[in-house]
Amino acid sequence: AVLYTSLGCPFACDYCCINALAGRRGVRYWSLPRVLSWIDRLVQRHGVRNIRLDDELFILDPERVERFCDGVIERGYDLNLWVYGRADTVPDRLLDLLRRAGVTWICLGIETASDRVRRDVHKTISGDIRRAVRAIQDRGISVLGNFLFGLPEDDRATLEETLALALDLKCEFVNFYTLRAYPGSPLYERARLEPGHLPPGWEGFSQHGYDAQPLPTRHLSAAEVLRFR
């Protein structure tokens, strides 16, 4: 099953359209009693034990995460949970509790190895990405790392740097995406003013379709980005 326990995100990365979908910047939460009642229903009525919590950032408010985990642990369900976080929103003190509650996968938006490239799209990550990933894996939790090739300041050297980071981290699963100017994102508003930066049809926004059309960077063509990916 897939559940949302919140909508939205407090961050404003240029490439992301989540806040357009959620209606505004920020996070709106369903109450934890209601969320836990949904899990009760899935487990008791339907025998579900694999649940993906699809919140943009489930691991954001440590106190709320603690109360959620306590509620799941008290119920004694043998769950297999998937959640999303950031490398700088997953404190070590929560990891053992998350694992006891059944979290076996944490998905991290790592995007790039370059601080310069990341700052250019208003995504900052405080702390050490490598240390954060190792801490998660040391608790027996698998990491899905999302990497994004073709951010506006990417050049061949930063793409190689990001690939080297991905190889070094050894996440249990990775996604290698290329940048799209998704409608609703700040990048879209800029790309729509540049001839040829937007695909002619919706198929071009697909990450894996034949007509996939990523954005060029300030240093590389869209074809070079796609070829590297």
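Where does Gly209 lie? Gly209 is found in the loop between helix H8 (186-191) and helix H9 (222-228). Helices here are DSSP runs of type H or I with at least four residues, strands are E runs of at least two, and both are numbered from the N terminus.

A word on the basis of these values. This is a predicted model, in which local features need pLDDT of at least 70 and side-chain atom pairs count only at pLDDT 80 or more, while totals for chains, interfaces and linings use all residues. Residues are numbered from 1 along each chain as its sequence is written, and side-chain values use heavy atoms, with hydrogens and water left out.

Gly209 and Thr5 are 204 residues apart along the chain, and their C-alpha atoms are separated by 31 Å.

Helix H3 (residues 62-75) packs with helix H4 (residues 92-101) at an angle of about 30°, the axes being 9 Å apart. Axes are lines fitted to C-alpha atoms, for helices over the stretch in contact, and angles run from 0 to 180 degrees between N-to-C directions. H3 and H4 are therefore roughly parallel to each other, since angles under 35 degrees count as roughly parallel, over 145 as roughly antiparallel, 65 to 115 as roughly perpendicular and the rest as oblique. The crossing of H3 and H4 is left-handed, a term used if the near helix is turned anticlockwise from the far one by less than a right angle, with right-handed if clockwise. Residues of H3 in this contact, meaning heavy atoms within 4.5 Å, include Val65, Cys69 and Ile73, and those of H4 include Leu94, Leu97 and Ala101. By class, the contact of H3 with H4 has nine nonpolar, no polar and four charged residues. Here Ala, Val, Leu, Ile, Met, Phe, Trp, Tyr, Cys and Pro count as nonpolar, Asp, Glu, Lys and Arg as charged, and the others, Gly among them, as polar.

The buried residues of H4 are Leu94, Leu95, Leu97, Leu98 and Ala101, and their cover includes H3, strand E5 (80-85), E6 and H6. Gly102 follows H4 and has a positive phi, near 110°.

Next comes strand E6 (residues 103-111), which holds Thr104. Is Thr104 buried or exposed? Thr104 is buried, because its relative accessible area is 17%. Its side chain makes a polar contact with the side chain of Asn80 at 2.3 Å. A polar contact is a pair of N or O atoms within 3.5 Å; within protein, one must be able to donate a hydrogen and the other to accept it, and residues adjacent in sequence count only if both atoms are side-chain atoms.

Finally, consider helix H6 (residues 129-138) and helix H7 (residues 156-169), whose axes come within 11 Å and cross at roughly 25°. That makes H6 roughly parallel to H7, and their crossing is right-handed. Just after H6, Gly140 takes a positive phi of about 80°.

Technical notes. Buried < 20%, exposed > 50% of the residue type's maximum accessible area, 1.4 Å probe, protein only.
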